Amino acid sequence: ELVKLSLSLNGTNITDRGGQALAAGLAGTELLELTLRFQGTAVADDTGISLGGGLARCAKLRKAYLSLHDTYVTDAGGQVLVSGFNGSSLRELDLHLFGTLVAERTGAALGDALSSCDQLVKIHVAMGRTRLTDGGGSALVRGLASTNLEDVTLSFFDTEVSDLAGRALGQSLAGFVGLVKIYLSFSGTQLTDEGGRALVAGLDCSQMQSLVVRLHDSNVGDDTGSALGSCLANCSKLESLDLVLYGTKLTDQGGAALSAGWQCSELKDLNLYLHGTLVADETAITLGQSLSSCTTLTKVALFLLGTKLSDQGGAALAAGLRCSELQEFTLHLNYTTVADDTGVGLGRALVAGPRLRKLVLYLAGTKLTDRGGRALAEGLSGSQVQELTLALHGAVVADDTCTALGGSLATMGSLQQLVLGLSGTQLTDAGCSSLAGGLSGLRLREVDLRLTSTAVGDESCIALGKSLGRCSQLAKVIIALDHTNTGNAGIVCIGLSLLGLPTPPSVELHTMHSNVTREGISVVHQLFADAEKSITVKSVASYKMCC
């Protein structure tokens, strides 16, 4: 009378002998739902063959979840295993063969089996890092054509599938009118623009609510980007969108076409990864224009680091941001040539973000100076952000930016987690002391300050120690002072101040190539040892020891 079975044997010592015996027990049962997990075990083909035979005799099975992730199954066992999914009653299938030795025959057999599953509405197939070829991949996706799927996940990353599979998948997808959720991964494959364009062209977005397309580190380019833009123009009900195209051949032509296609009437969650491509200002300008109509967005992550973006595109992108409903915002512009106009634009956008709770801004290695940095920092004043990461290392900012940042931080009463990257900037003791003053009394739980290769010294450390010593809820502190003028007095002051808290936090200080001596480190260690607390001070000597 068993109708539902869930067994997890992940990471155990079960071998093929035990797996085979277990699978054989499924034959002839009245199971409606089955979950079996063998991830990371030594099961192999005998288990796969036995599972296939058992599944073929589970005539009433409606939901199946099988994970053989990182096992020793090859095509011999995989082919028989997937042939067991031929029941007309099957409605949901999750099959994880990631990291196994299955190949073309398993893909073709799965396609044949799926073609008979006319009740299937949900399928998740993970075959990344297998030996799947273009022939097996195309045969697999052709088997989907006769189904009425609403939820599809297909992961082929780091396999040899290419344009043949891309075209076949596009043809199958073209027949689906009720798709609500889809996840497609061809990352690290041999897919080119021919297959990418055909794949995307088959998508019917009219009912879709969630779309994830991962094509990174493949050979797709502008034709695929343009096809994605055309597809998205029809996605009026889309609520969540993830497009991962980094490391592709995309340029401004395809990037702009992609950015222009969005329908934002329902969009709440947007993640766009274009780093390491040749997109530039036209893409950013178009993206800003599209974002200006996205008033329902609550979570946005944009990755444009290492692109050809300049200040013109960065400023246009910032101008298009509508932060009125945003709760989480991540922007990576590291190692682009954006500068002060981008900083000013971001500052203005942040002022209009009353609901923002998590903010991550990466502007490292850019041309941002104190004019843009100050405007950006001032935009945070009065913010209700709880988690703030601001990476400015290697930018041209200096004391004015940090003084403004200190003033804004003092008004951010909700802040709990702070990460500031100021390494390699023109920061001195004056700016750092002002920054430190803004931290005093905040309800911070975690602080990570990176001040490496700046002109700060003991004055800054004393100011930081005093302010952090008034943050009664601190649980973790990291301060990087490598290649600075910091001496023993500075780190002792920080240590004493933090030990004065009701519950001293865990502390990590980086002091390599500073003026801190072994005697100073010993004093700090002894202070914490006397209080039965731990501290890590990474100096030249301790660094060599730990590595």
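Mentor: A residue counts as buried when its relative accessible area is under 20%, as exposed when it is over 50%, and as partly exposed in between. The model here is predicted. Phenylalanine 98 and phenylalanine 157 are both buried.

Trainee: Why is the pair of phenylalanine 98 and phenylalanine 157 called tilted?

Mentor: Ring planes under 30 degrees apart count as stacked and those over 60 as edge-to-face, with the rest tilted. The planes of phenylalanine 98 and phenylalanine 157 stand at 35 degrees, with the ring centres 5.5 Å apart, so the pair is tilted. Phenylalanine 98 is in the loop between β4 and α4, and phenylalanine 157 is in the loop between β6 and α6, 59 residues apart.

Trainee: What makes the aromatic pair of tyrosine 273 and phenylalanine 303 stacked?

Mentor: The angle between their planes is 15 degrees, and the cut-off for stacked is under 30 degrees. Their centres are 4.4 Å apart. Tyrosine 273 belongs to strand β10 and phenylalanine 303 to strand β11, so the pair ties together parts 30 residues apart in sequence. The structure holds three aromatic pairs, these two among them.

Trainee: Why is phenylalanine 303 called buried?

Mentor: Its relative accessible area is 14%, and buried means under 20%.

Trainee: How do you know that lysine 63 forms a salt bridge with glutamate 92?

Mentor: The closest N and O atoms of lysine 63 and glutamate 92 are 3.9 Å apart, and the rule asks for a distance within 4 Å. Lysine 63 lies in strand β3 and glutamate 92 in strand β4, so this pair ties together parts 29 residues apart in sequence.

Trainee: Why do lysine 63 and glutamate 92 count as partly exposed?

Mentor: Lysine 63 has a relative accessible area of 32%, and glutamate 92 has 24%.

Trainee: What makes arginine 105 and aspartate 75 a salt bridge?

Mentor: Their closest N and O atoms are 3.6 Å apart, against a limit of 4 Å. Arginine 105 is in helix α4 and aspartate 75 in helix α3, so parts 30 residues apart in sequence are tied together. Arginine 105 is partly exposed at 46% relative accessibility, whereas aspartate 75 is buried at 9%.

Trainee: How do you know that arginine 371 and aspartate 341 meet in a salt bridge?

Mentor: The N to O distance is 3.1 Å, and the rule requires it to be within 4 Å. Arginine 371 lies in helix α13 and aspartate 341 in helix α12, 30 residues apart. Shared partners join Asp340, Asp341 and Arg371 into one network. By this rule the count comes to twelve salt bridges.

Trainee: What makes helix α5 mostly covered?

Mentor: Seven of the nine residues of helix α5 are buried, including Gly136, Ala139 and Leu140. Among the elements covering the buried residues of α5 are α4 and β6.

Trainee: Where is the pLDDT below 50?

Mentor: The mean pLDDT of the protein is 93, and 98% of its residues reach 70 or more. The pLDDT is below 50 over residues 540-547, a stretch with five contacts beyond near neighbours in sequence. Where pLDDT is low, the predicted coordinates should not be read in detail.

Methods:
Residues numbered from 1 in each chain as written. Predicted model: local features only at pLDDT ≥ 70, side-chain atom pairs only at ≥ 80, totals over all residues. Heavy atoms only, no water. Buried < 20%, exposed > 50% of the residue type's maximum accessible area, 1.4 Å probe, protein only. Helix = DSSP H or I, 4+ residues; strand = E, 2+ residues; numbered from the N terminus. Contact = heavy atoms within 4.5 Å. pLDDT = per-residue confidence, 0-100. Phe/Tyr/Trp six-rings, centres within 6.5 Å; stacked < 30°, edge-to-face > 60°. Salt bridge = Lys/Arg side-chain N within 4 Å of Asp/Glu carboxyl O.
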